[in-house]
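Have a look at the picture, then read on.

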Amino acid sequence: MNLSNLKPAKGSIKSSKRIGRGTGSGRGGTSTRGHKGAGSRSGHSTKIGFEGGQMPLQRRVPKFGFKNLNRVEYNGVNLDALQALVEKFNLTTVDLEALVAHGLVSKNDKVKILGRGELNAKVEVKAHGFSATAQKAIEAAGGSIVKL
């Protein structure tokens with residue numbers, strides 16, 4: 001067996017419907033488009049979500065709430081994850097590069113340090129945001145924070 005005699009599995013490839021090839025083909029005449037109306041004409045297209053004049057689902061469903069277009073979404077990293085990083089790799093500063101290198105966040109994320117867990121190590125933490133409890137815990141352990 002080599003590349004020149006590979007074939008797809010039997011029955012996995014079907015030939016497409018060939019429409020508009022004469023009446024003998026079984027799909028000639030109106031070519032599966034029916035008689036008259038916009039759908040039989042060339043160039044006809046309907047709007048996305050159009051349901052034949054019935055009120056479309058997107059308009060039937062009630063809307064509520066508010067989506068702020070200018071929101072900033074942060075990726076949260078808790079103190080217990082920082083403590084594990086510091087213990088495992090003997091870090092003195094935890095910044096975005098360290099978090100990305102160890103797989104906690106991706107390089108385009110904004111990072112917010114959150115207060116779950118305990119931090120015992122004295123470290124300098126650089127991030128885009130800090131919760132109040134996380135900030136207190138880092139400073140209580142003798143560390144410092146730097147907002148990016």
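## Who touches L96?

Leaving out residues up to four places away in sequence, L96 touches V105, K107, D109, V111, K126 and H128. Here, a contact means heavy atoms within 4.5 Å. You'll find L96 in helix α3, residues 96-101. Helices (H or I, at least four residues) and strands (E, at least two) are DSSP runs, numbered from the N terminus. L96 is also buried, with a relative accessible area of 16%. Buried means under 20% relative accessible area, exposed means over 50%, and partly exposed is in between, using a 1.4 Å probe and protein chains only.

How far is L96 from L57 in sequence and in space? The two are 39 residues apart in sequence and 44 Å apart in space, C-alpha to C-alpha.

## What you're looking at

This is a predicted model, where local features need pLDDT of at least 70 and side-chain atom pairs count only at pLDDT 80 or more, while totals for chains, interfaces and linings use all residues. Residues are numbered from 1 along each chain as its sequence is written, and side-chain values use heavy atoms, with hydrogens and water left out.

## Strands side by side

Now for the strands. Two strands pair if DSSP finds at least two bridges between them. Three strands form an open sheet in the order β2-β4-β6, and the pairing is parallel. β2 (93-94) and β6 (144-147) stand at the edges with a single partner strand each, so one side of each has no neighbour in the sheet. Two bridges join the parallel strands β2 and β4, and V94 stands opposite V125 in β4.

Next up is β3. Strand β1 (residues 74-78) pairs with β3 in the parallel sense over five bridges, and N78 has L114 in β3 as its bridge partner. β3 is also joined to strand β5 (residues 129-130) by two bridges, again running parallel. There, K112 has G129 in β5 as its bridge partner.

## Opposite charges meet

Side chains of opposite charge can pair when their charged atoms come close. A salt bridge is a side-chain nitrogen of Lys or Arg within 4 Å of a carboxyl oxygen of Asp or Glu. How many salt bridges does this rule give? The count comes to three.

One of them joins D80 and R116, with the closest N and O atoms 3.0 Å apart. This pair links distant parts of the chain, 36 residues apart: D80 sits in helix α2 (residues 79-89), and R116 in the loop between β3 (110-114) and β4 (124-127). D80 is partly exposed at 29% relative accessible area, whereas R116 counts as exposed at 53%.

E73 forms a salt bridge with R71, the closest N and O atoms being 3.1 Å apart. E73 counts as exposed at 59% relative accessibility, and R71 as partly exposed at 48%. Then there's E51 with R60, where the closest N and O atoms are 3.2 Å apart. E51 is partly exposed at 31%, and R60 is partly exposed at 42%.

## A last stop at S31

S31 lies in the segment before α1 (57-60). Is S31 buried or exposed? S31 is buried, with a relative accessible area of 16%. Setting aside neighbours within four places in sequence, S31 is in contact with I19 and G20.
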